[in-house]
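Hi everyone, thanks for coming along.

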Amino acid sequence: MTVKIGVLYSRIRADEKLLLSELRERGHEVVKIDVRDLALAVDEAPEILADLDIVVDRCLATSRSVYVTQFLSAYGVPVVNGPETATVCADKVRTSLALDGAGVPTPATNVAFTTDSALAAIESFGYPCVLKPVVGSWGRLMAKIDSRSAAEAILEHKSTLGHYEHKVFYVQEFVEKPGRDLRVVAVDGEPIAGMVRSSDHWITNAAAGAETTALEIDDEIADLVAAASDAVGGGLLGVDLMETDDGYTVHEVNHTVEFKALNGSVDVDVPAAVVDWLEAKAAAEAAGEDGETTDGTELEVTH
Amino acid sequence: MTTCPECGADVTLHDDLEAGEIVDCTTCGVELEVIETAPPVLDRAPELEEDWGE
Ligand SMILES: [Zn+2]
């Protein structure tokens, strides 16, 4: 079955090109939707969103991703990842609460709203510890704090220069990872592939130039990935893990996951696996729980 | 081949060009966004805003 699939984007990166070419090769009808062109009414879907079997959200900008998926959901257009997942993953505080609430091991975290209470939180962790923006990516604006004087300086800078999101201080224990961390891309908790990112720098991010090699996904990792995925609402996700003396800890879950680096590191055809999953999602949506669409009309499934 | 809207130099484009893609002008170094593909139309790429990416 071929589907009519919408691809929401604000920038076409290598990841989106891989996805688009895989979709087109399989004969699916692809509708590219630049979110910058959209004006979303609360009561009626724009024409470009009509008749789409499924939409995949590839917006880079978090606020766009969070809002546009809510509109799609309200219009009854199936979208991956869904608004719940986007909302949780876009915000480190929500992610931490979701992971911890689901019993997924995650680094010890404190959130504070003033520089005084943030400094107290930092002192309670001891040095080094980590200060992160609650919204952010590619390891940007993360600070590893080695001393009280550094803590005071960074907190002062943040309170003086910061956007209001930087008035929420997210303080995390520093995990002594062995120069590397792990990234697993999964669909609804099922791993597609994983990679090890190694760097001499404490931020082991592929976008920041870390070296990548294939990761062998053992049962422990697979179970944690499934649990983390469930905790944030499922979908196409990048789950970041670090190794500690007591096993793995999940420190981040990304909802608009980049897979170019992963695709280059493993034998698995990552875009093909993603499209397999999108096809299955679209088919499940078309079949529906009771063979009817959400507005009660009969479905026409073309094969 | 098309022209950089910033510096006027020729920009060589690859075949599988995609609207929304970012290409670099090798002459002036500016980031250009592909607005249309057939024929190619380029414009200065928007700056990165707020949180981009993962
Ligand atoms: Zn130029």
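Predicted model: local features only at pLDDT ≥ 70, side-chain atom pairs only at ≥ 80, totals over all residues.

Let's start in chain A, where four strands form an open sheet in the order 5-8-6-7, with antiparallel pairing. A strand here is a DSSP run of E with at least two residues, a helix is a run of H or I with at least four residues, and both are numbered from the N terminus. Two strands pair if DSSP finds at least two bridges between them.

Residues are numbered from 1 along each chain as its sequence is written, chains are lettered from A and ligands numbered from 1 in the order in which they are written, and side-chain values use heavy atoms, with hydrogens and water left out.

Back to our sheet in chain A. Its edge strands are strand 5 (109-112) and strand 7 (143-145) of chain A, each pairing on one side only. On average, neighbouring strands of this sheet are turned by 25 degrees against each other, direction ignored. Strand 5 of chain A runs antiparallel to strand 8 (residues 169-173) of chain A, and four bridges join them.

Which strands does helix 4 of chain A touch? Helix 4 (residues 92-101) packs on the sheet against strand 5, strand 6 (129-132) and strand 8 of chain A, and its direction makes about 45 degrees with that of strand 8 of chain A. Axes are lines fitted to C-alpha atoms, for helices over the stretch in contact, and angles run from 0 to 180 degrees between N-to-C directions. Helix 6 (residues 148-161) of chain A lies across strand 6, strand 7 and strand 8 of chain A, at about 145 degrees to strand 7 of chain A.

Now look at Lys17(A), in helix 1 (residues 14-25) of chain A. Is Lys17(A) buried or exposed? Lys17(A) is buried, with a relative accessible area of 15%; buried means under 20%, exposed over 50%, and partly exposed in between, using a 1.4 Å probe and protein chains only. Leaving aside neighbours within four places in sequence, its contacts (heavy atoms within 4.5 Å) include His14(B), Asp16(B) and Glu18(B).

That takes us to chain B, which has zero helices and five strands. Three strands of chain B form an open antiparallel sheet in the order 3-4-5. Strand 3 (22-24) and strand 5 (40-44) of chain B are its edges. Strand 4 (residues 31-37) of chain B pairs with strand 5 of chain B over five bridges, and Glu33(B) stands opposite Asp43(B) in strand 5 of chain B.

Finally, what coordinates the zinc ion? The SG atoms of Cys4(B), Cys7(B), Cys25(B) and Cys28(B) do, at 2.3 to 2.4 Å. Donors are N, O and S atoms within 2.8 Å of the metal (3.2 Å for Na, K and Ca); water is not among the atoms, so sites may look incomplete. Along the chain, the donors follow the spacing C-x2-C-x17-C-x2-C. Cys25(B) is buried at 1% relative accessible area, whereas Cys28(B) is partly exposed at 36%.
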